[in-house]
Amino acid sequence: MAARVHGTCPYLMSDNEIKAEAEFYHFAPLSCALFGCLVNDETKARMFARIYDNRIVMNHPIAPFCCCTTPICIADSVTTFFYDKPPFRAGPCGPPCCCVPCTCCGPPVMFSYNPKCCCIDLKDMCGSQVKVAPANLYGCRSCICLGQPCYVNCSVPLLTGVKNADAFICAAKARVDGFKNKHGLPEAEMTIFEFVSDNISLAGVELGSSRRAPGQEEMS
(Lines give C-alpha, C1' and ligand atoms only; values in the text may rest on other atoms or scores of the structure.)
Protein backbone atom coordinates (compact mmCIF):
# COMPACT_ATOMS: atom_id res chain seq x y z
CA MET A 1 0.00 0.00 0.00
CA ALA A 2 1.43 3.38 -1.04
CA ALA A 3 2.25 5.85 1.69
CA ARG A 4 -0.12 8.76 2.07
CA VAL A 5 1.14 11.91 0.31
CA HIS A 6 -1.81 14.29 0.28
CA GLY A 7 -1.71 16.92 3.02
CA THR A 8 1.79 16.02 4.25
CA CYS A 9 3.67 19.15 3.09
CA PRO A 10 5.70 20.41 6.08
CA TYR A 11 4.80 24.02 5.25
CA LEU A 12 1.16 23.22 6.06
CA MET A 13 1.84 21.87 9.54
CA SER A 14 0.68 24.26 12.27
CA ASP A 15 -0.15 24.50 15.97
CA ASN A 16 -3.39 26.25 14.85
CA GLU A 17 -3.02 28.89 17.56
CA ILE A 18 -4.09 32.44 16.71
CA LYS A 19 -1.01 34.66 17.16
CA ALA A 20 -2.55 38.05 16.29
CA GLU A 21 -5.75 39.47 14.86
CA ALA A 22 -6.80 42.57 12.94
CA GLU A 23 -9.12 45.12 14.52
CA PHE A 24 -11.59 46.95 12.30
CA TYR A 25 -13.45 50.25 12.34
CA HIS A 26 -17.23 50.13 12.64
CA PHE A 27 -17.70 50.74 8.89
CA ALA A 28 -15.55 47.80 7.69
CA PRO A 29 -15.70 46.07 5.25
CA LEU A 30 -16.83 49.30 3.53
CA SER A 31 -14.32 52.06 2.85
CA CYS A 32 -15.54 55.12 4.75
CA ALA A 33 -17.21 56.15 8.01
CA LEU A 34 -20.03 57.72 5.99
CA PHE A 35 -21.10 54.19 4.99
CA GLY A 36 -21.08 52.77 8.50
CA CYS A 37 -24.88 52.65 8.66
CA LEU A 38 -24.90 50.23 5.69
CA VAL A 39 -23.06 47.45 7.56
CA ASN A 40 -25.11 45.23 9.87
CA ASP A 41 -23.80 43.47 12.97
CA GLU A 42 -23.93 40.00 11.41
CA THR A 43 -21.56 41.08 8.65
CA LYS A 44 -19.17 42.65 11.16
CA ALA A 45 -19.27 39.53 13.34
CA ARG A 46 -18.19 37.31 10.43
CA MET A 47 -15.28 39.53 9.29
CA PHE A 48 -11.82 38.64 10.57
CA ALA A 49 -8.12 38.46 9.68
CA ARG A 50 -6.01 36.15 11.84
CA ILE A 51 -2.30 35.43 11.89
CA TYR A 52 -1.09 31.88 12.58
CA ASP A 53 2.40 30.42 12.71
CA ASN A 54 2.32 29.36 9.03
CA ARG A 55 -0.51 31.33 7.40
CA ILE A 56 -2.90 34.26 7.45
CA VAL A 57 -6.61 33.53 7.21
CA MET A 58 -9.19 36.22 6.47
CA ASN A 59 -12.90 36.40 5.81
CA HIS A 60 -14.46 39.22 3.81
CA PRO A 61 -18.21 38.58 4.08
CA ILE A 62 -20.42 39.75 1.24
CA ALA A 63 -23.78 41.30 2.12
CA PRO A 64 -25.59 41.94 -1.20
CA PHE A 65 -28.29 44.09 0.36
CA CYS A 66 -26.04 46.00 2.79
CA CYS A 67 -27.68 46.57 6.17
CA CYS A 68 -30.90 44.90 4.99
CA THR A 69 -29.16 41.58 4.28
CA THR A 70 -30.46 38.75 6.44
CA PRO A 71 -27.91 36.32 7.98
CA ILE A 72 -28.84 33.51 5.57
CA CYS A 73 -27.97 35.74 2.58
CA ILE A 74 -24.50 36.75 3.78
CA ALA A 75 -21.82 34.90 1.81
CA ASP A 76 -18.42 34.17 3.33
CA SER A 77 -15.29 34.78 1.28
CA VAL A 78 -12.49 33.07 3.18
CA THR A 79 -8.91 33.29 1.90
CA THR A 80 -5.79 31.56 3.26
CA PHE A 81 -2.23 32.64 2.46
CA PHE A 82 0.59 30.27 3.47
CA TYR A 83 3.96 31.88 4.12
CA ASP A 84 5.84 29.78 1.55
CA LYS A 85 3.72 31.17 -1.31
CA PRO A 86 2.88 34.67 -2.63
CA PRO A 87 2.25 37.26 -1.33
CA PHE A 88 4.78 36.24 1.36
CA ARG A 89 7.31 34.78 -1.05
CA ALA A 90 8.38 35.72 -4.56
CA GLY A 91 6.40 33.92 -7.25
CA PRO A 92 4.45 34.42 -10.47
CA CYS A 93 3.11 37.82 -11.51
CA GLY A 94 -0.54 38.56 -11.00
CA PRO A 95 -3.20 38.11 -13.72
CA PRO A 96 -3.03 38.18 -16.69
CA CYS A 97 0.71 37.38 -16.62
CA CYS A 98 0.49 34.46 -14.17
CA CYS A 99 3.01 32.36 -16.12
CA VAL A 100 5.77 35.00 -15.79
CA PRO A 101 7.90 34.79 -12.61
CA CYS A 102 8.09 38.09 -10.74
CA THR A 103 11.59 37.64 -9.36
CA CYS A 104 13.68 40.31 -11.09
CA CYS A 105 12.28 43.51 -9.51
CA GLY A 106 13.06 42.90 -5.86
CA PRO A 107 11.23 41.00 -3.11
CA PRO A 108 7.46 41.25 -2.55
CA VAL A 109 6.13 43.79 -0.07
CA MET A 110 3.37 43.73 2.52
CA PHE A 111 2.64 47.13 4.00
CA SER A 112 0.22 49.21 6.00
CA TYR A 113 -1.24 52.16 4.09
CA ASN A 114 -2.23 55.04 6.35
CA PRO A 115 -4.25 57.90 4.82
CA LYS A 116 -3.31 61.51 5.50
CA CYS A 117 -4.03 64.89 3.92
CA CYS A 118 -2.00 68.01 4.72
CA CYS A 119 -0.52 66.06 7.65
CA ILE A 120 -4.02 65.39 9.05
CA ASP A 121 -4.56 61.76 10.03
CA LEU A 122 -7.65 60.37 8.26
CA LYS A 123 -7.66 56.87 9.74
CA ASP A 124 -10.82 57.51 11.77
CA MET A 125 -12.62 58.51 8.57
CA CYS A 126 -11.22 55.99 6.06
CA GLY A 127 -9.33 53.45 8.12
CA SER A 128 -5.94 52.01 7.24
CA GLN A 129 -5.31 49.31 4.67
CA VAL A 130 -3.06 46.28 4.56
CA LYS A 131 -1.76 45.96 1.01
CA VAL A 132 0.62 43.72 -0.92
CA ALA A 133 2.79 44.31 -3.98
CA PRO A 134 4.60 41.63 -6.03
CA ALA A 135 7.96 43.46 -5.87
CA ASN A 136 9.49 46.48 -4.12
CA LEU A 137 10.96 47.78 -7.43
CA TYR A 138 14.28 48.27 -5.63
CA GLY A 139 12.91 51.05 -3.43
CA CYS A 140 12.24 53.50 -6.29
CA ARG A 141 9.98 56.42 -5.43
CA SER A 142 7.40 58.26 -7.51
CA CYS A 143 9.54 61.44 -7.66
CA ILE A 144 12.96 59.77 -7.89
CA CYS A 145 13.88 60.15 -4.20
CA LEU A 146 10.67 61.76 -2.91
CA GLY A 147 7.06 60.68 -2.65
CA GLN A 148 5.54 57.30 -2.16
CA PRO A 149 7.30 54.07 -3.14
CA CYS A 150 6.54 53.08 -6.73
CA TYR A 151 5.32 49.67 -5.62
CA VAL A 152 2.20 51.34 -4.18
CA ASN A 153 0.95 51.77 -7.76
CA CYS A 154 1.00 48.02 -8.41
CA SER A 155 -0.31 46.94 -5.01
CA VAL A 156 -3.68 45.46 -4.10
CA PRO A 157 -5.50 45.70 -0.75
CA LEU A 158 -5.89 42.63 1.42
CA LEU A 159 -7.73 44.41 4.24
CA THR A 160 -9.55 47.73 4.51
CA GLY A 161 -10.92 49.71 7.43
CA VAL A 162 -8.20 48.37 9.75
CA LYS A 163 -7.55 50.01 13.14
CA ASN A 164 -4.24 48.35 13.99
CA ALA A 165 -2.63 48.00 10.55
CA ASP A 166 0.90 48.81 11.77
CA ALA A 167 0.66 46.31 14.64
CA PHE A 168 -0.77 43.72 12.24
CA ILE A 169 2.20 44.20 9.90
CA CYS A 170 4.64 43.81 12.81
CA ALA A 171 2.94 40.62 13.97
CA ALA A 172 2.95 39.21 10.43
CA LYS A 173 6.65 40.00 10.08
CA ALA A 174 7.46 38.19 13.31
CA ARG A 175 5.62 35.04 12.19
CA VAL A 176 7.00 35.06 8.64
CA ASP A 177 10.55 35.50 9.97
CA GLY A 178 10.03 32.58 12.34
CA PHE A 179 8.59 30.45 9.53
CA LYS A 180 11.50 31.33 7.23
CA ASN A 181 14.10 30.39 9.87
CA LYS A 182 12.30 27.16 10.77
CA HIS A 183 12.14 25.90 7.17
CA GLY A 184 15.36 27.43 5.85
CA LEU A 185 13.73 29.50 3.11
CA PRO A 186 15.97 31.92 1.15
CA GLU A 187 15.99 35.44 2.59
CA ALA A 188 15.98 37.03 -0.88
CA GLU A 189 12.68 35.37 -1.78
CA MET A 190 10.74 36.44 1.30
CA THR A 191 8.48 39.47 1.54
CA ILE A 192 9.55 42.67 3.28
CA PHE A 193 7.24 44.62 5.58
CA GLU A 194 6.83 48.40 5.61
CA PHE A 195 4.63 51.25 6.82
CA VAL A 196 3.49 53.69 4.11
CA SER A 197 1.82 57.06 4.68
CA ASP A 198 -0.35 58.60 1.95
CA ASN A 199 0.01 62.33 2.57
CA ILE A 200 -1.27 64.87 -0.01
CA SER A 201 -0.40 68.56 0.19
CA LEU A 202 -2.69 71.42 -0.77
CA ALA A 203 -0.86 71.74 -4.07
CA GLY A 204 -1.64 68.12 -4.87
CA VAL A 205 1.97 66.98 -4.49
CA GLU A 206 2.51 63.58 -2.93
CA LEU A 207 4.44 63.83 0.31
CA GLY A 208 4.01 60.15 1.12
CA SER A 209 6.66 58.32 3.07
CA SER A 210 7.59 54.76 3.96
CA ARG A 211 9.65 53.07 6.63
CA ARG A 212 10.62 49.49 7.31
CA ALA A 213 8.61 47.57 9.89
CA PRO A 214 10.64 46.83 13.05
CA GLY A 215 12.42 43.51 13.26
CA GLN A 216 11.21 40.63 15.35
CA GLU A 217 13.88 41.20 17.99
CA GLU A 218 12.77 44.82 18.39
CA MET A 219 9.17 43.79 19.11
CA SER A 220 9.95 41.26 21.80
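Modeller: β1 pairs with strand β2 (residues 48-51) in the antiparallel sense, over 2 bridges. Strands here are DSSP runs of E, at least two residues long, while helices are runs of H or I with at least four residues; both are numbered from the N terminus. Two strands pair if DSSP finds at least two bridges between them. Ala20 has Ile51 of β2 as its bridge partner.

This is a predicted model, where local features need pLDDT of at least 70 and side-chain atom pairs count only at pLDDT 80 or more, whereas totals for chains, interfaces and linings use all residues. Residues are numbered from 1 along each chain as its sequence is written, and side-chain values use heavy atoms, with hydrogens and water left out.

The pairing belongs to an open antiparallel sheet of 4 strands, in the order β1-β2-β3-β4. β1 and β4 (78-82) are the edge strands, each pairing on one side only. Helix α3 (residues 165-183) lies across β1, β2 and β3 (55-59). The helix runs at about 35 degrees to β2. That angle is taken between N-to-C directions, on a scale from 0 to 180 degrees, with axes fitted to C-alpha atoms and, for helices, over the stretch in contact (heavy atoms within 4.5 Å).

Glu21 and Arg50 form a salt bridge, 2.9 Å from N to O. Glu21 sits in β1 and Arg50 in β2, 29 residues apart, so the pair links distant parts of the chain. A salt bridge here is a side-chain nitrogen of Lys or Arg within 4 Å of a carboxyl oxygen of Asp or Glu. Side chains of opposite charge can pair when their charged atoms come close. Glu21 is partly exposed, at 36% relative accessibility. Arg50 is partly exposed too, at 26%. The cut-offs are under 20% for buried and over 50% for exposed, with partly exposed in between (1.4 Å probe, protein chains only).

Asp15 forms a salt bridge with Lys19, the closest N and O atoms being 2.9 Å apart. Asp15 has a relative accessible area of 44%, and Lys19 has 25%. Both count as partly exposed.

Lys180 is buried, at 11%, but Glu187 is exposed, at 55%. Elsewhere, salt bridges that share partners join Asp15, Glu17 and Lys19 into one network. The structure holds 9 salt bridges.
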